[in-house]
Amino acid sequence: MTASFFIRRIAYGLLLMLGVVILNFLLIRLAPGDPAVVIAGEMGGIDAQMLAAIRADYGLDKPLPTQLWIYLSNVVQGNLGESFFFNQPVATLISARIGPTILLVLTAQVLSIVIGMFLGVIAARKPNGPLSGFVSVFATIGYAVPVFWTGIMLVILFASVFPIFPVEGMRSVRLRDAGPIAQFFDVAHHLVLPAFTLAIIYLAQYARLSRASMMDVLGSDYIRTARAKGATEQSVLFKHALRNAALPILTVAGLQFGNLISGALLVETVFNWPGMGRLAFDSILRRNYPTVLGVLFFAAAMVVAANILTDLSYRWADPRLRGRE
Amino acid sequence: MTEPTVPEPYVAESPGREAWRMYSRNRTALFGLGLLFVILAITFYGSFFYAGDAYDIVWAPHEPPMVTPEFPLGTDYLGRDIVTGMLKGGGPTMAVGAAAALITMVIGVSLGALAGFYGGWIDTALMRFTEFFQVLPALLFAMVLVTLFSPSLWTIAFAIGVVSWPQTARLTRAEFMKIKELEYVTAARAIGAKNTRIIWKVILPNAAPPLIVSAALTIGVAILFEAGLSFLGLGDPNVMSWGLMIGANRDQLLDAWWPVTFPGLAIFLTVLAVSLVGDGLNDAFNPKLRER
């Protein structure tokens with residue numbers, strides 16, 4: 001039953017990705033100007049020969065459905081176009097940049113969920129206590145601060161006042177030939193500020209959400225039963241209550257994934273993190289549309305994958321859903 | 001003999017008045033409203049009475065704040081006055097935020113109302129469409145739209161609207177699905193009201209409270225979006241905005257903290273004010289909190 005659910009979920013995900021490809025195709029066609037020039041992008045003086053080559057490659061002289069078919073079959077074969085500036089296929093460019101983005105986004109996601117839930121659980125024990133007040137103030141502020149500005153403030157703070165974390169890039173040049181362990185710690189060291197910048201907004205939201213959710217759960221009968229049978233406070237909070245209170249957070253975390261990627265785009269720009277966001281930004285400034293649309297494609301794929309994982313983990317966490325389709 | 005006392009006829013309070021009575025009891029919400037008025041007043045009157053052009057170079061670069069009396073917040077890397085930039089940059093930021101929120105609400109409410117009211121295949125099709133848009137990371141999609149269609153205040157507002165409507169659509173759909181089953185809708189149908197009338201005149205006014213709250217929060221998100229796009233240099237290059245100021249001064253942030261700090265503070269306070277108003281409206285419309 002779960003297997004068929006899984007297969008249908010993946011099929012639907014592929015359908016959504018097909019939609020993204022068609023959207024990309026439409027965007028190139030809808031942009032003002034000659035699509036061949038749009039595809040060639042950054043090159044100022046495009047020679048006629050190059051334009052003719054692009055027209056032939058993309059079949060731009062053929063009717064629209066044929067063009068769409070050519071575009072689709074190119075994408076299916078992993079051909080997302082060329083970046084003339086980097087002189088590399090877009091797929092190669094992105095595959096070099098997707099790892100750092102995933103690292104940043106996942107670290108921020110884990111940090112915000114773990115710390116946010118921890119704060120929320122503690123705050124829920126005293127709904128009118130100081131920590132509860134702090135959590136709701138922090139959540140309101142976290143929602144209103146522009147994420148790139150938080151990053152910039154942290155850069156100023158840690159570059160000039162407390163120089164303990166690097167504020168730029170992902171690796172130190174002097175450690176380029178160091179062993180894997182030194183490299184690991186180097187990347188982790190560089191990751192601290194970008195990941196926290198990105199995590200802060202969501203951390204505050206998850207704290208508020210898990211506080212509300214825990215307060216709901218703590219009033220229920222099975223918690224009273226657990227207390228009555230003499231379970232320790234710790235076991236009541238973290239075993240009985242948290243398991244049930246975690247479900248809404250899982251849902252929101254899945255829904256937020258797209259926003260997290262949007263935030264990563266800005267954070268990567270602030271900290272010069274060598275990820276897809278930085279690549280998208282550089283490519284947009286050079287009007288290199290194939291790369292930008294390629295990044296849009298891969299970012300959407302990440303969101304689709306995250307949604308499928310959320311659905312699966314939801315079924316794993318809530319046995320009541322397992323029997324249902 | 002005294003006149004017999006006639007009981008005052010009971011007059012029901014109008015929903016708007018009742019909401020305001022609830023709102024005005026909430027100190028945080030009043031603070032948000034006050035802050036919003038102050039920010040609007042400063043940027044509105046400031047841009048009128050402050051003669052300078054935000055792009056003019058008026059002094060030496062990187063003059064620190066509180067040193068020269070004419071430039072209380074200092075100057076940026078080109079020697080442009082930060083106060084002028086803040087005053088002139090606030091209007092466009094808020095205008096784009098408001099326009100984008102309006103576009104978001106128009107798209108989201110229309111699609112959500114259709115899906116929730118008609119149900120069936122219309123609902124399925126529209127919800128699939130909504131899910132598709134939710135897969136696209138909003139800021140990236142907005143970046144693509146703005147670059148493809150050359151940045152102007154309208155393109156930016158439009159792009160932000162196009163990427164942010166799905167949540168509003170879902171909310172509207174849920175409200176419509178709930179309300180269309182209620183008795184007064186059946187009653188309206190019984191006296192022969194047409195579907196369009198039921199959607200606009202019967203259900204929509206009753207679905208308004210959560211939508212108004214969502215509109216307030218959407219303005220906040222839209223301002224953050226505009227700031228992000230301008231920060232990346234994708235805003236209208238001819239219009240000063242808070243995000244643009246931060247983006248332009250970013251490369252020199254270790255030499256001068258003030259050109260990036262003050263505009264960011266302004267964005268933060270504006271979004272904070274809008275979201276406090278949104279939270280306050282949410283509480284004011286919530287009948288569960290009314291009897292407190």
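Trainee: What does the secondary structure of chain A come to?
Mentor: Chain A has twelve helices and two strands, where helices (H or I, at least four residues) and strands (E, at least two) are DSSP runs, numbered from the N terminus. Please keep in mind that this is a predicted model, in which local features need pLDDT of at least 70, side-chain atom pairs count only at pLDDT 80 or more, and totals for chains, interfaces and linings use all residues. Residues are numbered from 1 along each chain as its sequence is written, while chains are lettered from A and ligands numbered from 1 in the order in which they are written.

Trainee: And in what order do the elements of chain A run from the N terminus on?
Mentor: They run α-α-α-α-β-β-α-α-α-α-α-α-α-α.

Trainee: Which domains does the assignment give for chain A?
Mentor: The assignment, which is automatic or taken from a database, gives domain 1 (3-90) and domain 2 (98-274). The centres of these two domains of chain A, taken over C-alpha atoms, are separated by 37 Å.

Trainee: Changing topic, how do α11(A) and α12(A) cross?
Mentor: Their axes, which are lines fitted to C-alpha atoms over the stretch in contact, come within 8 Å and cross at roughly 155°, with angles running from 0 to 180 degrees between N-to-C directions. The two helices, α11(A) and α12(A), are therefore roughly antiparallel to each other, a term that covers angles over 145 degrees.

Trainee: Which residues make that contact between α11(A) and α12(A)?
Mentor: From α11(A) there are A:Met276, A:Leu279, A:Ala280, A:Ser283 and A:Ile284, and from α12(A) there are A:Thr291, A:Val292, A:Val295, A:Phe298 and A:Ala299. Two residues are in contact if their C-beta atoms, placed from the backbone, lie within 7 Å.

Trainee: What about chain B, how many residues does each chain bring to the contact?
Mentor: Chain A brings 37 residues and chain B brings 32 residues.

Trainee: Which helix gives the most to the side of chain A that touches chain B?
Mentor: That is α12(A), with eight residues.

Trainee: And how do the residues on that side of chain A divide by class?
Mentor: They divide into 29 nonpolar, seven polar and one charged. Here Ala, Val, Leu, Ile, Met, Phe, Trp, Tyr, Cys and Pro count as nonpolar, Asp, Glu, Lys and Arg as charged, and the others, Gly among them, as polar.

Notes:
Parallel < 35°, antiparallel > 145°, perpendicular 65-115°, else oblique.
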